[in-house]
Amino acid sequence: MISLGALTWIGLEILDVPYALAFGVFTGAVAIVPFFGTLVSTILPALFVLGSGGALHALLVAGLGVVVHLVEANVIAPLIMERQVRLPPVLTMLSVLIMAHLLHLIGLLVAVPILATAMVLVRRIYVHRILEGQGFRRTLRDRPVELRLPTGDDVAVHPAGPETSVPAVLEQG
């Protein structure tokens, strides 16, 4: 969202569009809506400029919107996913193409979440458990909690404290 807003703002400043910063913020804000956000954030500045700058200026603004969204979708977003979610860009693009072929429009929407889920499962189960030899046993065992309280008359201790564990005392109420 930040990259879309910043790139739109810079491009609109270069094209000398009034309220370029406002349109940049608007583009970043409506990026949360998958398809229609891109459409509205590209068409709205072009329509605004059409009234004062002419058709050529409006086409340049619309072209800028298309270029900015293409750069963000094909360069910036895969790089962010690669760094933050550790999804390789080529694998992300390949999953989108495969899921689009298999499930059409729904595949485009669910491709990256399914890929992220599959990568987490592969990393957790295959890499960490099988390849690194940690096995499927739990690494941390449940141990009883031992609380040491100072002795004296000013300390309240549950009467069943010495015989049972803290979770058992808490379950009894």
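Trainee: Is the crossing of H1 and H4 left-handed or right-handed, and what makes it so?

Mentor: Right-handed. The rule looks at how the near helix is turned from the far one by less than a right angle: anticlockwise is left-handed, clockwise is right-handed. So the crossing of H1 and H4 goes with the clockwise case. Bear in mind that this is a predicted model, in which local features need pLDDT of at least 70, side-chain atom pairs count only at pLDDT 80 or more, and totals for chains, interfaces and linings use all residues. Residues are numbered from 1 along each chain as its sequence is written, and side-chain values use heavy atoms, leaving out hydrogens and water.

Trainee: How do you know at what angle the axes of H1 and H4 cross?

Mentor: Axes are lines fitted to C-alpha atoms, for helices over the stretch in contact, and angles run from 0 to 180 degrees between N-to-C directions. The helices are DSSP runs (H or I, at least four residues; strands are E, at least two), numbered from the N terminus. For H1 and H4, the axes cross at roughly 150° and come within 10 Å.

Trainee: Which residues of H1 and H4 meet there?

Mentor: Contact means heavy atoms within 4.5 Å. On the H1 side, Leu4, Leu7 and Gly11 are among them, and on the H4 side the list includes Val68, His69 and Glu72. Leu4 itself touches Thr27, Ala31, Val68, His69 and Glu72, leaving aside residues up to four places away in sequence.

Trainee: Why is Leu4 called buried?

Mentor: Its relative accessibility is 4%. Buried means under 20%, exposed over 50%, and partly exposed in between (1.4 Å probe, protein chains only). So Leu4 clearly passes the buried test. In H4, Val68, His69 and Glu72 are among the buried residues too, and the buried residues of H4 pack against H1, H2, H3 and H5.

Trainee: What makes Tyr19 and Phe48 an edge-to-face pair?

Mentor: Rings of Phe, Tyr and Trp (its six-membered ring) pair if their centres lie within 6.5 Å; planes under 30 degrees apart count as stacked, over 60 as edge-to-face, the rest as tilted. By this rule there are 2 aromatic pairs. Tyr19 and Phe48 sit 5.8 Å centre to centre with 70° between the planes, so the pair is edge-to-face. Tyr19 is in the loop between H1 and H2 and Phe48 is in H3, so the pair ties together parts 29 residues apart in sequence. Ring pairs also bring in Phe23, giving a cluster of Tyr19, Phe23 and Phe48.

Trainee: Why does Tyr19 count as exposed, and what does Phe48 count as?

Mentor: Tyr19 has 58% relative accessibility, so it counts as exposed. Phe48, at 37%, counts as partly exposed.

Trainee: What makes the phi of Asp16 stand out?

Mentor: Most residues other than glycine have a negative phi. Asp16, in the loop between H1 and H2, has a positive phi near 60°. With a relative accessible area of 64%, Asp16 is exposed. His104, in H5, also has a positive phi of about 60° without being a glycine.
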